[in-house]
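Dear colleague,

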Amino acid sequence: MAELPTIAEAQQLILERVRPLPAEKVPLEEAGRRVLAEAATSLTDLPPFPSSAMDGFAVRAADTPGELPVVFRIAAGRPAPRPLGPGEAMAIATGGVVPEGADAVIPVEYVVEYDNSVAIPAGSMAGANVRPRGGDLRAGDIVAGPGTRLGPAHLGALAAAGVATVACGAEPRAAVLATGTELRRPGESLGPGEVYEANGLILAAQLESAGARVERLAAVADDEDAHREAIARGLEHDVLVTSGGVSVGPHDLVRRVERKLGVEEVLWRVAVKPGKPLSFGVRNSTLVFGLPGNPVSSLVGFELFVRPAILALQGQGEPLPRFEPGRLAAAVRQSSDREQLVRARTKPGEGEAVELEPLTGQESHMIARAAGADALVLVPRGEGELPAGTRVRYLRLAG
């Protein structure tokens, strides 16, 4: 039997099949969490004029120390009517235009102000508390490059640079389909052998957090005709994510139906715990993911394999999960044939290392216990256990 692909190998197989979606123009006000398809450049110098970093007095440094007449008061947005002459001072607000002729600003707390003059007890240096024009960036400079996922700081920088619209990768259209005769909607009465359907809600929330527009399809029973109708509808999207029905039981119909609908299966099963029976395929440009029915397996499989694909569709430069260094707070047993993702809570540790406390109840059906986790600890395959204090890598779970 061929060895199953590792997490990294499966991620590579998936990303090789991803083609970024076309770019579209987006108003800056609606571009939060979108991914830039083209570089966004500044329309202006930033700041666009020499400005004061303090409330104080604009002066010539050569005139300090000394007592100077205050000839004008400069408010933000209202420049001085004339240049500053030798032996003069002008009061200025933070962000105000430093007048021509001035080369320093003395903070208000460092002076003694009289009715129409100011006493400056200490000398100043040219450039003190003056923000030079273009000190942050120049007109035409790149504010954010292609592949950047726009966060609050990016949006602020783009707005300050005068950018009104940006070119972003289109938001992927994603469909979510949960399968299983045993599934019931929350709030309905449960019969013998039935459970409430949770995976669809989990996956929809994960997809939305990755930037997709989501349609939740109604859960389907273990019936081939019902599967065919729902999967065919899902294949009209950029991404179809199913939950359940991807193993080898007689009622696991998803992969069989997908093959009949023209889906080319790229991989099935990955050397990971939880989430081994994951499938991935393509039909034309549609990416098709089959995640296991156990809720934790589904959640982990999404973070490792689906989220990177959703980000890559939008053109994000580095779509793979970012694992960070940490240290185990308790021992963890290894698996001889699979890498594991262990649910854990983070807590401050000694020095810079984050302590990772594994949760009790790591079985893949225990979604209630998994809700207490804010991290997934990557445990490499091995024969023994990793003792407390072992340095490991972990993935933060989005809140």
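What follows is a short account of the sheet, of one serine and its surroundings, and of some charged pairs. Please keep in mind throughout that this is a predicted model.

To begin with the sheet, six strands form an open arrangement in the order β7-β4-β6-β5-β9-β8, and their pairing is mixed. At its edges are β7 (104-107) and β8 (112-113), each of which pairs on one side only. Within the sheet, β4 (residues 56-59) runs antiparallel to β6 (residues 89-92), the two being joined over three bridges, and Ala58 has Met90 in β6 as its bridge partner.

The serine is Ser42, which sits in the loop between β2 (40-41) and β3 (51-52). Although Ser42 belongs to a loop, its relative accessible area is 4%, so it counts as buried, the cut-off being under 20%. Leaving aside residues up to four places away in sequence, Ser42 touches Leu137, Arg138, Ala139, Gly140, Asp141, Val143 and Ala161. A polar atom of the Ser42 side chain also lies 2.5 Å from the backbone oxygen of Thr44. By contrast, the C-alpha atoms of Ser42 and Val18, 24 residues apart along the chain, are separated by 31 Å.

Turning to charged pairs, a search of the whole structure finds 24 salt bridges. One of them joins the side chains of Arg138 and Asp45, with an N to O distance of 3.4 Å. Because Arg138 lies in the loop between β10 (130-131) and β11 (142-144) while Asp45 lies in the loop between β2 and β3, this pair ties together parts that are 93 residues apart in sequence.

Arg228 forms a salt bridge with Glu224, the closest N and O atoms being 3.4 Å apart, and another with Asp225, for which the corresponding distance is 2.9 Å. Salt bridges that share partners join Glu224, Asp225, Arg228, Arg256 and Lys260 into one network.

Key: Residues are numbered from 1 along each chain as its sequence is written. This is a predicted model: local features need pLDDT of at least 70, side-chain atom pairs count only at pLDDT 80 or more; totals for chains, interfaces and linings use all residues. Side-chain values use heavy atoms; hydrogens and water are left out. Two strands pair if DSSP finds at least two bridges between them. Helices (H or I, at least four residues) and strands (E, at least two) are DSSP runs, numbered from the N terminus. Buried means under 20% relative accessible area, exposed over 50%, partly exposed in between (1.4 Å probe, protein chains only). Contact means heavy atoms within 4.5 Å. A polar contact is a pair of N or O atoms within 3.5 Å; within protein, one must be able to donate a hydrogen and the other to accept it, and residues adjacent in sequence count only if both atoms are side-chain atoms. A salt bridge is a side-chain nitrogen of Lys or Arg within 4 Å of a carboxyl oxygen of Asp or Glu.
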